[in-house]
Amino acid sequence: MWEKILILPRFLIDRRRTMGKFIRLKKGFDINLAGKAALKIAPTDQPETYAIKPSDFHGIYMPKMLVAEGDAVKAGSPLFHDKKNDNIVFTSPVSGEVIEIKRGEKRKLLEVKILADKTIEYQSFTKYSVSEIVNLGRDKAQEQLLASGAWLNLVQRPFGIVADPAERPKSIFISGFDSHPLAPDYNFIYKGQDHFFQVGVDILKKFTTGQVHLNVHSSKEISTAFSQVKGIELNKFSGPHPSGCVGVQIHHLDPIGKSDAVWTISPYGVIQIGKLFINGIYDASRIVAVAGSEVKDPQYYKTFTGGSVKKFLQNNLKQEHVRIISGNVLTGTRISPEDHLGFYDQLVSVIPEGDHHEFLGWITPSTSKLSFSRAWGLLSFLNYKKEYVLDSNTKGEPRAFVQTGVFEKVTPIDILPTHLLKAIIAEDYDDMEALGIYEVIEEDLALCEFVDVSKHEVQDILREGIDLMMKS
Amino acid sequence: MKFLRNTLDKVKHDFEKGGKWERYYYVFEALDTFAFVPKTTTGVKGAQIRDAVDMKRLMMTVILAMIPCLLFGIYNVGHQHFLAIGQAAGFGEKIWVGIVQVIPIIIVSYATGLTVEFIFATFRRHPVNEGFLVTGMLIPLVMPPDIPLWQVAIATIFAVVIGKEAFGGTGMNVVNIALTARAFLYFAYPVNIAGEVWTFIPEGAKTVEGYSGATPLAIAAETLTSGQNAVEAFSAFGTGWADNMYTFWNMFMGFMPGSIGETSTLMCLIGAFILIATGVGSWKIIVSVFAGAYGMGLFLNLVGSNPFTLMPAHYHLVVGGLAFGAVFMATDPVTAAQTETGKWFYGFLIGIFTVLVRVFNPAYPEGIMLAILLMNVFAPLIDYFVVSANKKRRLKRATI
């Protein structure tokens with residue numbers, strides 16, 4: 001009650017300044033994991049290899065190589081492009097030598113690996129002053145974004161695909177906080193980037209007919225980059241995860257219908273775009289969090305997009321039998337200790353591998369197992385503030401859908417997850433469309449996968465549905 | 001435990017594809033996963049961690065919520081037995097009579113039901129579902145205490161085969177399985193499940209003078225012909241051998257004849273508390289069933305002309321199986337309405353229909369069973385409207 005009274009006046013002031021909205025969400029669930037990254041940057045050598053994986057991007061028809069093994073590249077020089085849409089270019093995050101072009105079945109491109117130079121050389125792009133940027137035309141800006149590879153930061157809804165250069169989105173969304181477990185602290189990793197962020201926003205504004213929305217959490221500290229920026233609509237959200245998921249934010253602020261397009265971009269992408277136009281380089285450097293219960297010293301590391309995780313984890317793991325995840329534990333991808341970060345990931349999570357049996361584990365009471373449910377013996381609801389150590393065990397076997405109402409409790413949008421998923425499984429296109437498949441991508445329903453009693457792979461099902469819709 | 005695990009691991013390959021007992025894989029899997037949570041891990045992409053809840057734990061919670069009803073039921077079977085034969089008996093004696101009557105029914109229900117489950121799992125090649133853990137307990141609780149065991153077995157087999165497996169197993173069935181069992185007996189062997197069968201009286205035993213096995217609902221239905229005030233008829237009942245049996249509070253506590261587990265509204269409410277506190281049962285359904293029945297009762301009080309319709313509305317909540325049905329049957333997540341809004345309508349209509357059947361259909365004194373079965377069938381229709389409303393909202397938003 002008091003919280004609401006105290007928040008309200010602040011919200012009114014904000015509203016006057018930026019005309020933003022305040023959306024209060026109640027549904028959802030914060031997963032409180034042990035091993036949060038301490039707010040410091042580890043002194044460590046740069047990783048040696050970097051990799052760009054086409055599988056990190058949706059909506060790419062087929063990648064076509066532009067370099068061969070052994071070629072030298074600069075940061076920002078092209079590696080491959082999309083065969084169907086050849087102005088979408090995937091560029092190298094660092095300068096160095098292309099050491100491996102890894103292909104899988106049917107010669108499908110899996111990853112392009114680069115051995116980095118000691119000092120990074122940059123491909124040069126056009127530099128602009130702040131006043132020039134104001135008058136810069138959309139076409140010029142688009143050209144530079146596409147050529148540098150910074151375009152890939154723009155993700156288009158529906159479907160969560162790489163933005164279509166021909167599209168004019170009705171709005172652009174930036175989620176200013178990450179509510180996923182162990183998420184990096186945006187205040188910390190974007191410190192001192194205020195200027196670049198502002199320039200990035202100025203560039204983005206050229207692309208939309210509507211607003212650029214920046215959404216922050218009402219009870220988290222707001223970075224100055226976000227609070228000072230001009231030309232955006234600053235909205236506040238309250239409530240647990242998935243309040244930070246941009247799909248949830250779009251649903252409440254500017255929902256997507258069949259013929260609409262909305263672009264989303266992370267603050268990292270906005271800053272990268274700012275640097276591209278001010279400094280004339282494709283700067284893929286980023287600060288990533290290495291966190292999780294199995295990390296000895298969870299903290300932040302400086303690296304570049306697609307960096308190898310090897311150096312971060314050397315002598316930094318409590319045990320050998322772990323699962324390393326590029327990204328967060330709800331939507332991330334399992335990788336090996338020599339593998340590389342995903343294109344959009346700013347987090348490496350390390351949790352125990354869960355391939356062990358547990359005697360009568362389905363009935364013994366426990367306070368150490370986290371559950372959204374309060375079913376018999378699951379006592380974590382007594383203490384959600386505790387930091388939990390969770391492993392990768394599925395904790396049960398797959399079963400038919402049993403509607404317990406739990407999906408609805410973690411989905412703070414007006415969508416019926418079970419019905420949508422069933423429509424996908426039945427390949428019912430009309431129902432998928434009517435039930436809102438345009439409004440969601442995997443991360444928006446990731447909590448459903450976590451809480452599901454029947455242990456469905458909700459995110460895989462959803463992506464199958466999206467693929468069906470895209471082909472239809 | 002290590003020994004058990006090693007043994008299971010040793011024989012596991014015999015049950016896997018190509019093994020000598022391949023066709024019994026799901027039998028093995030059921031036993032294996034019953035003893036140990038399997039070591040399967042999450043996939044490469046997506047949620048890397050999972051909630052600790054699973055179907056087994058969910059079902060276990062429901063069983064736990066039924067324990068108060070079961071324990072009270074065991075006591076009450078003995079209590080009613082000694083009242084009927086006019087003997088004074090201690091707590092222990094009553095419990096003993098109850099155990100002797102009730103436990104065999106539970107054993108028969110589980111044994112036949114699980115046998116059918118395992119046979120189907122083997123032939124239809126699907127995993128054994130945990131749903132029967134609950135059904136196996138629900139069936140005995142809605143049976144009269146001296147139901148012949150062979151009837152329990154037949155009803156269970158019918159319910160599992162026709163009510164569930166014919167549709168593809170747990171999660172696919174349309175109507176509540178335990179109620180299917182009871183409805184089957186109701187129509188196939190009415191002699192043993194209707195009339196004055198609700199008290200255990202051994203063959204040849206002499207009942208006390210003035211004894212009657214009529215349940216409150218039967219008495220209330222009789223008022224239709226006798227024209228007596230229902231509450232007066234209740235208080236007149238049992239004079240001499242069971243005074244004040246049918247007062248409101250005694251019926252709320254459950255010291256009256258009836259199905260084994262359904263008589264005590266108090267115990268059902270304890271179960272409801274467990275289901276709601278754990279989040280396993282839908283409070284919306286439970287509340288709306290009671291609200292529907294009470295609302296309909298009140299409405300009939302206002303417009304009613306005969307003595308049954310004039311029975312005070314709150315009596316409807318404590319007589320018969322309304323509370324048990326509301327808490328344990330209507331909340332079955334598979335057969336109930338699946339949308340949150342739909343649950344309100346679903347529960348409310350169950351309450352309304354229960355009272356309607358009771359008051360206007362003297363052939364079936366108890367309405368809750370038929371009301372739930374009816375609404376089970378209509379639940380998809382309710383959901384259809386709720387889902388359509390969701391679709392329309394989205395469409396409307398898009399066209400503005």
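Two bridges join strand 4 of chain A to strand 7 (residues 96-103) of chain A, and the two run antiparallel. Here strands are DSSP runs of E with at least two residues, helices are runs of H or I with at least four residues, and both are numbered from the N terminus. This is a predicted model, in which local features need pLDDT of at least 70 and side-chain atom pairs count only at pLDDT 80 or more, while totals for chains, interfaces and linings use all residues. Residues are numbered from 1 along each chain as its sequence is written, and chains are lettered from A and ligands numbered from 1 in the order in which they are written.

**A sheet in chain A**
- Val73(A) stands opposite Gly96(A) in strand 7 of chain A.
- Strands 2-8-7-4 of chain A, in that order, form an open sheet with antiparallel pairing; two strands pair if DSSP finds at least two bridges between them.
- Strand 2 (49-52) and strand 4 (72-73) of chain A are the edge strands, each pairing on one side only.

**A covered helix in chain A**
- Six of the eight residues of helix 7 (residues 246-253) of chain A are buried, that is, with 20 or more other C-beta atoms (placed from the backbone) within 10 Å of their own.
- The buried residues of this helix include Val246(A), Val248(A) and Ile250(A).
- Those buried residues pack against strands 9 (155-157), 11 (171-175), 12 (212-217), 13 (233-238) and 14 (262-265) of chain A.

**Where chains A and B meet**
- The contact takes 66 residues from chain A and 53 residues from chain B, counting two residues as in contact if their C-beta atoms, placed from the backbone, lie within 7 Å.
- Helix 13 of chain A gives the most to the chain A side, with four residues.
- That side divides into 25 nonpolar, 23 polar and 18 charged residues; nonpolar means Ala, Val, Leu, Ile, Met, Phe, Trp, Tyr, Cys and Pro, charged means Asp, Glu, Lys and Arg, and the others, Gly among them, are polar.
- Strand 20 of chain A and strand 1 (residues 36-37) of chain B run antiparallel, joined by two bridges.
- Glu358(A) has Val37(B) as its bridge partner.

**Domains of chain B**
- Chain B has domain 1 (59-193) and domain 2 (281-388), with bounds from an automatic or database domain assignment.
- Their C-alpha centres lie 22 Å apart.
- In the contact between them, 14 residues of domain 1 of chain B meet twelve residues of domain 2 of chain B.
- Helix 7 of chain B supplies the largest share of the domain 1 side, four residues.

Notes. A residue is buried if 20 or more other C-beta atoms lie within 10 Å of its own, exposed if 12 or fewer, and partly exposed in between; C-beta atoms are placed from the backbone.
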